[in-house]
Amino acid sequence: MDQGAGAGQQRDRGRLGAPSSGTRAPGTPWARFSAWLECVCVVTFDLELGQALELVYPSDFQLTDKEKSSICYLSFPDSHSGCLGDTQFSFRIRQCGGQRRPGHVGEKRSDSWAPASLQREPAHFFGYVYFRQVKDSSMKRGYFQKSLVLLSRLPFVRLFQALLGLVAPEFFDKLAPCLEAVCNEIDQWPAPAPGQTLNLPIMGVVLQVHIPLRADTPEPGPPKQSSHETLLPAPVVLPSVHELDLFRCFRPVLAHVQLLWELMLLGEPLLVLAPSPAVSSEIVLALTSCLQPLKFCCDYRPYFTIHDSEFKEFTTRTQAPPNVVLGVTNPFFIKTLQHWPHILRVGEPKMSGDLPKQVKLKKPSRLKTLDTKPGLYTAYTAHLHRDKALLRRLLKGLQKKRPSDVQTAVLRRHLLELTQSFIVPLEHYMASLMPLQKGIVPWKTPPQIRPFRQDDFLQSLERAGPQLTCVLKGDWLGLYRRFFKSPHFDGWYRQRHREMTQKLEALHLEAICEANIEIWMKDKSEVEVVDLILKLQERLVRAQGHQLPVKEATLTRARLYIDTAIGSLPKDLQAVLCPP
């Protein structure tokens, strides 16, 4: 690119209202920015309008009126929270209408390499909020109230909270010019490629993050420097882009972590009533993360208000409660959602060295409307016996003043091993449904994956059940039976079936490429040869889009076979199949 063109593009990017294509393809203004964020919003309090959207960067990013309204209401704590000073929290909203910014090939490829729980949300936005409310006599209400919001499709809560912690205080002092500079810096960042350790410069600081790869061990650990260069200033190393301090989030409910894990596994509706958006959003995100490496397939809202466009949908009594985890701060929801089967109310967090008073299990009939005491209100009986050793170990850690990140590692490992013990028998059974490789022959349609039969799986648990890897006793069979009815089984099965189908197609392509195509073509009609060419071309496109797990040598051979087959056809057909 010549210097003039480069300068022109720099000018376009610097002008936040510069026009852009809807897809923001690589090389266009804001393409790198949009790999991380959709936009940055500023929400302020207007005496006449209430919460109002003051700014959107880049200004060409399109939000519907419904999305703008949701962002405005969810960016401020409601009147029951009484948040003074600075507070951070997050929300998640449903995108209205069709997809407005379809991901380019690079984004789709990154998603295929990312852990299921860290892939981009195609139909939802995450909002990461930094809210400031301080006394200010120059304001009519006597308070300065403003929120800086990062809107993204990526669930990188830890990274975006750290980013807001650097940017927001500076923005509240300098306002728009600061925000424009920050957006331009983010537009220089490398793409969030899974498996990479990235250095992200922002406002004189370098944030160093590791983007997990699907094959990575899902345990937290400090990222390693990707090159030998010495960075000045020394980078601020984030231990994770997405994992919260699980121990701090679960402090008031540690005695019931296993029961809550079961409720999440089964996709049960759960209302979380907390004293502030910060507490509600952290608990909801912690709950939805405790199934990793299993993807959380239900809806969840870290912070939700009565003004949300989906309020009626979630609170209707004409049908069963939806499979959603709802974080709220308004006690009004206790009355509105009394018919929900599980309600968790937590009090103000106490950060003393001792374990805070644990919420008690209470029957739903004991729910009072506005003065409901902290507790887990549910009639659910856990299928598995409680692991008392875990609670003893965490209590011992408190007595020894063990750091919170160590306590979190203990808790996360327990939940990870519990989920893996539950999922491994399902994985083994699913693998047994795959046709044998010797049954895959070049010139015939590959055999089908056998159907998943729940009774056969349950019978297999006697010899290959979770008892092989987990010491916990209980009604594992009953837990699996309920799991089969949950959105998580459906999500897991669809994903695994899709992966196995792709593997079958890849093995079939390899079998074709290892066969002698010239011998096959000798007695075949033009129609049969054309059919093979079209099938090979379709497989090649999918493999090049990383939708099939195929080696590069196989792709090269497939291209050669396509050329050979096309060359055997009459000139008029060649022109159709391979236009100039």
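Colleague: How many helices and how many strands does the secondary structure of the chain contain?
Modeller: The model is predicted, and its chain has 580 residues. Its secondary structure comes to 20 helices and 14 strands.

Colleague: Among contacts between residues at least 6 apart in sequence, what percentage join residues at least 24 apart?
Modeller: A contact here requires heavy atoms within 4.5 Å. Among such contacts in the chain between residues at least 6 apart, the share joining residues at least 24 apart is 72%.

Colleague: With which residue does R153 form a salt bridge?
Modeller: A search of the whole structure finds 22 salt bridges, and one of them involves R153, with the closest N and O atoms 3.4 Å apart. R153 lies in the loop between β5 (143-152) and α5 (157-174), and its partner in the loop between α2 (31-36) and β1 (39-46), so the pair ties together parts that are 115 residues apart in sequence. Both residues of the pair are buried. The partner of R153 is E38.

Colleague: Is D531 buried, partly exposed or exposed?
Modeller: D531 forms a salt bridge with K535, the closest N and O atoms being 3.4 Å apart. The two residues are separated by about one helical turn, because they are four residues apart in helix α18 (residues 526-544). K535 has a relative accessible area of 47% and is therefore partly exposed. The value for D531 is 38%, so D531 counts as partly exposed.

Colleague: Which residues form a positive surface patch together with K373?
Modeller: K373 is found in the loop between β13 (361-362) and β14 (375-378). Its relative accessibility is 59%, so K373 counts as exposed. The residues that complete the positive surface patch with K373 are K350, K357 and K360.

Colleague: Which residues does T288 touch, not counting those up to four places away in sequence?
Modeller: T288 is found in helix α9 (residues 277-289). At 10% relative accessibility, T288 counts as buried. With residues up to four places away left out, T288 touches F296 and Y300.

Colleague: What is omega for the cis peptide bond that joins Y57 and P58?
Modeller: Most peptide bonds are trans. P58 is found in the loop between β2 (50-57) and α3 (65-74). The bond that joins Y57 and P58 is cis, with omega of about -15°.

Colleague: Which residue is joined to P293 by a cis peptide bond?
Modeller: P293 has its place in the loop between α9 and β10 (299-301). Omega for the cis bond is about 10°, and the residue joined to P293 is Q292.

Colleague: What is the phi of M203?
Modeller: Most residues other than glycine have a negative phi. M203 lies in the loop between β6 (197-202) and β7 (205-210), and is partly exposed because its relative accessible area is 27%. Although M203 is not a glycine, its phi is positive, at about 50°.

Colleague: What is the relative accessible area of K401?
Modeller: K401 has a positive phi of about 55° without being a glycine. Its place is in the loop between α12 (388-399) and α13 (404-432). K401 counts as exposed because its relative accessible area is 72%.

Conventions:
Residues are numbered from 1 along each chain as its sequence is written. This is a predicted model: local features need pLDDT of at least 70, side-chain atom pairs count only at pLDDT 80 or more; totals for chains, interfaces and linings use all residues. Side-chain values use heavy atoms; hydrogens and water are left out. Patches are made of residues with over 30% relative accessible area and no salt bridge: like charges are joined within 9 Å, nonpolar side chains (Val, Leu, Ile, Met, Phe, Trp, Tyr) within 5 Å. Accessible areas come from the Shrake-Rupley method with a 1.4 Å probe; for residues, only the protein chains shown count as cover. A salt bridge is a side-chain nitrogen of Lys or Arg within 4 Å of a carboxyl oxygen of Asp or Glu. Lys and Arg count as positive and Asp and Glu as negative; His and the chain ends are not counted. The place of a charge is taken as NZ of Lys, CZ of Arg, CG of Asp or CD of Glu. Buried means under 20% relative accessible area, exposed over 50%, partly exposed in between (1.4 Å probe, protein chains only).
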